[in-house]
Amino acid sequence: MFVSAAARLSFALALASSAAAKVYDIQVGGSDGTLAYSPEAIFADPGDQVVFHFHQKNHTATQSSFAAPCSPLAGGLNSGFMPVAANVSDNFPTWTVTVKDTKPLWFHCEQAANTVASHCGKGMVFAVNCGPDGSANSFTSFKQSALKIGAQLEASAAAASSAAGQYGGGYTTADYGTATIPAEPNPTLVTQTITVETSSWVTVYSSYAGSPEPTPSSLSGNVIKVVVGGADGELTFNPPNVAAQPRDIISFEFHQKNHTATQSSFAAPCVREKDASGNIVGLDSGFMPVGPNATEFPVWNVTVNDTAPIWFYCRQHKPDGSSHCGAGMVFAVNAVENSPRNFTAFKGLAQTLNGTVSSSSSSSSSSSSGYGSSSSGSGYGSGSGYGSGSGSDSGSSSGSSGSGSSNNTNSGNSGATGNNNSASASRTTGAALSLGALFAAAALLL
């Protein structure tokens, strides 16, 4: 049989390449509980083999990426878990990867992923053909990123533990109904010097574990827009839950139908917030009727004064008497998400209780005919509101704006203000809320 010289050369090169291929043995873990690959990094040529030897405990060799060292790479290589008993001393299970090119390969152990015990978070990572030390994609940088993830997991666990301790782990009954809820937390009173830009001042506030720092992002604060309702009849605040720092402004923009943003409490999500004497003290936008073809929308602003959680709901009802709040139309500022009293729990409680007493509890601050109503006062203090409302889910407002104040000495354009240490409010209305448009909006139905 005739074989060309070129074919013989190709065959010879293939044999040479096969003979030159190397095998790299990587030890995964160890009998002493070591959370490491040994060696941690190698440089290999195409055709070389990387053989992972799995020691005691239960480890993996899972491909990740430099940018996300502790997250499996979609479609990447994965040994799967390799459990090895403590009394095994030889014949450890292996898994082999053949190197295809000189591009970097990044691996981690997937054990206890996303927990404080994460092996990757402890630095159990491995690389093939990484960059040299000092380069952007060095193994040192890769491992440091993994350790940083571990530190973040530990910090989150510590914060959750602190929050759990602050919340006491106890339970109580909601302010109405029979639902069991997490007990109110025991905040810590903190005195702190705040410095922003060139200004400094001393503040005293109640600190909640997991809540934002009390330092404003700027002297003027940020504006956080929240859309209330929508053209398709949405019973939502969007976004439903935000984190805000002191001086930030929550700007409620009211869309179609007739909604409110009314302050409540975690224990009574669908009832206006009251003080110990039963006086209504919560913030309230009043009803904001908006026509179906409106292109300009009324806005009501709340300025955040500290980092304590603030809870809101819509106190509107449907023609059948069911409440928007009971349908889950609630909103929160600085809900502590790693605590039992998080936003999901707040919304769930509103839906469970279904807002069954919200209409009767708010009667002292509003007047209505039918299911719709409009704010006729600020509830607490000297605020005065807007006219009276009528119609199912369509309370309308008329008259000129009043004046009001809260105990935060903030004044606004409306009586829709309240006595609350966490926030103060003001209202602005656009051309869409002309007197004629308001009367027309009174005919809206859900």
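Which backbone oxygen does the side chain of His317 reach? The close-up of His317 below gives the atom and the distance: the backbone oxygen of Arg315, at 3.5 Å.

The model is predicted: local features need pLDDT of at least 70, side-chain atom pairs count only at pLDDT 80 or more, and totals for chains, interfaces and linings use all residues. Residues are numbered from 1 along each chain as its sequence is written, and side-chain values use heavy atoms, with hydrogens and water left out.

**View 1. His317 in the loop between β23 and β24.** Strand β23 spans 310-313 and β24 spans 330-333. Strands (E, at least two residues) and helices (H or I, at least four) are DSSP runs, numbered from the N terminus. His317 is buried, at 8% relative accessible area. Buried means under 20%, exposed over 50%, and partly exposed in between (1.4 Å probe, protein chains only). Ala327 lies 10 residues from His317 in sequence and 9.9 Å away in space, C-alpha to C-alpha.

**View 2. Asp284 in the loop between β20 and β21.** Asp284 is buried, with a relative accessible area of 2%. Its side chain makes a polar contact with the side chain of Thr262 at 2.6 Å. A polar contact is a pair of N or O atoms within 3.5 Å; within protein, one must be able to donate a hydrogen and the other to accept it, and residues adjacent in sequence count only if both atoms are side-chain atoms. The Asp284 side chain also reaches the backbone nitrogen of Gly286, at 3.3 Å.

**View 3. The β13-β14 hairpin.** Strands β13 (residues 188-196) and β14 (residues 199-207) pair in the antiparallel sense over 9 bridges. Two strands pair if DSSP finds at least two bridges between them. Val196 stands opposite Ser199 in β14. The hairpin has 2 residues between its strands. In the turn, Glu197 has a positive phi of about 55°.

**View 4. An open sheet of 4 strands.** The order is β17-β24-β23-β20, with mixed pairing. The edge strands, β17 (241-242) and β20, each pair on one side only. β17 and β24 pair in the parallel sense over 2 bridges. Val242 stands opposite Val333 in β24. Helix α3 (residues 343-353) packs on the sheet, touching β17, β23 and β24. Contact means heavy atoms within 4.5 Å. The direction of α3 makes about 150° with that of β24. Axes are lines fitted to C-alpha atoms, for helices over the stretch in contact, and angles run from 0 to 180 degrees between N-to-C directions.
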